Amino acid sequence: MSSSSSAAISNGTIRRTKILFLGMRRSGKTSILQVLFEDLPVKQTFYLEPTMRVAKHFIDTVIPLEIWDCPGNATVDTLGASLADFSTIVFVIDIRDLYQHPVSKLVEFIVAACQINPDINFEVFVHKAERLQEDDKIENFRQIHERVMDRLVDESPEFEQFPLNFHLTSIYDHSLREAFSRVLHKLIDSLPYLEELLNVFCSNTASPKAFLFDTSSKIHVATDISPVDQATHNLCCDYLSMLNSFGPLYRSNSNDPRTSRFSPTPGPTPPPTATTSTPTSDITPAGTPPLTSSTSPVPLSKPHFYPSAATSLSPSRPGTTLTYHLVTPHLALLALLPTTVYEMRRGLVEWNVVWFREGVREIWESALREGSES
């Protein structure tokens with residue numbers, strides 16, 4: 001979590017990073033948050049009531065978040081908080097809305113925010129992209145982008161190089177998760193360390209691509225250095241959705257608070273159809289510390305259940321296998337592996353997973369301690 005950002009505020013004992021969601025009425029702000037974080041079926045978004053007052057959502061992922069869902073008539077004066085409290089502002093525009101009103105409102109917030117907090121991140125979700133054909137979609141996206149930038153330059157020549165990021169999104173595909181992942185990446189101080197852990201894992205296991213996903217929202221919080229292929233990202237999201245659908249079948253009925261998504265204490269997470277990952281190789285991969293009889297990567301006093309799963313993506317040889325390993329109660333490693341590597345050197349792969357898990361857990365627990373002590 002960003003310790004230098006004024007957006008990290010105190011909420012009880014946990015400091016949360018604030019994100020402000022803005023947009024016109026019926027632009028899709030509430031449906032975005034409900035689909036991402038409440039797992040609301042897309043078809044049920046039609047029945048959501050318009051947002052009449054600011055709704056605050058507290059989300060615990062790799063960093064604690066506080067997301068403000070604002071009504072369409074919210075202004076800088078009626079917001080009820082200083083823009084300096086927010087680290088990111090996400091403005092949602094309906095892709096069919098080419099009129100000046102949403103553009104004017106976005107420019108108003110940009111100008112006001114830059115006067116108070118020049119370091120604030122601005123993201124524009126050009127939303128409901130599924131409603132247009134591909135050519136119309138691209139044309140409307142271009143027009144909205146041009147109108148916003150032209151209005152900013154009209155306000156002041158200083159805004160000519162303003163870092164405003166536009167994302168084409170829809171709740172009917174994974175473009176929304178990809179866009180929010182990019183928003184989240186800018187807020188994670190530990191992102192370079194997570195990426196380096198993924199790079200080491202890919203190097204040691206011959207993996208062409210690996211992601212660290214939030215298991216509930218299916219947002220990837222980090223990935224390795226190789227470019228993100230949209231088809232691979234979508235495949236990982238679909239596989240994670242399938243595994244999550246099986247999870248409740250194995251959940252205990254106990255009221256153990258550790259199973260709560262919002263509990264900072266690590267606890268067992270319901271597995272999909274899976275087996276437990278355990279190191280089975282005596283070979284220590286390069287770049288990892290040696291394991292001795294007096295050292296264990298997982299403390300014996302705190303046993304945890306870490307489910308894993310794998311599926312072959314191609315019946316032919318050599319093929320590719322998609323693997324899943326739980327890392328923390330809310331984070332999972334999804335990686336593509338050559339099938340021959342997975343089958344013949346599975347022990348070495350899982351040995352790397354053990355040390356990857358320990359690295360991520362150290363980062364995750366350190367962030368929790370910093371948030372609690374602040």
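User: Which residues does Pro338 touch, leaving out those up to four places away in sequence?

Analyst: Pro338 touches Ala206, Pro208 and Gly319. Contact here means heavy atoms within 4.5 Å. Before we go on: this is a predicted model, where local features need pLDDT of at least 70 and side-chain atom pairs count only at pLDDT 80 or more, while totals for chains, interfaces and linings use all residues. Residues are numbered from 1 along each chain as its sequence is written, and side-chain values use heavy atoms, with hydrogens and water left out.

User: Why is Pro338 called partly exposed?

Analyst: Its relative accessibility is 25%. Buried means under 20% relative accessible area and exposed over 50%, with partly exposed in between (1.4 Å probe, protein chains only). So Pro338 counts as partly exposed.

User: Where does Pro338 lie?

Analyst: Pro338 is in strand S13, residues 331–338. Strands (E, at least two residues) and helices (H or I, at least four) are DSSP runs, numbered from the N terminus.

User: What links Lys209 and Asp224?

Analyst: Their side chains meet in a salt bridge, 3.4 Å from N to O. Lys209 lies in strand S8 (residues 209–214) and Asp224 in the loop between strand S9 (220–223) and helix H6 (230–246), so the pair ties together parts that are 15 residues apart in sequence. Both residues are buried.

User: How many salt bridges does a search of the whole structure find?

Analyst: It finds 12. Elsewhere, Asp94, Arg96 and Lys128 are linked in a salt-bridge network.

User: How do you know that Cys236 is in no disulfide?

Analyst: A disulfide is a pair of cysteine sulfur atoms within 2.5 Å. By this rule the count comes to zero disulfides. For Cys236, the nearest cysteine sulfur, that of Cys237, is 7.1 Å away, so Cys236 is in no disulfide.

User: Is Cys236 buried or exposed?

Analyst: Buried, because its relative accessibility is 1%. Cys70 is also buried, at 0%.

Conventions
A salt bridge is a side-chain nitrogen of Lys or Arg within 4 Å of a carboxyl oxygen of Asp or Glu.
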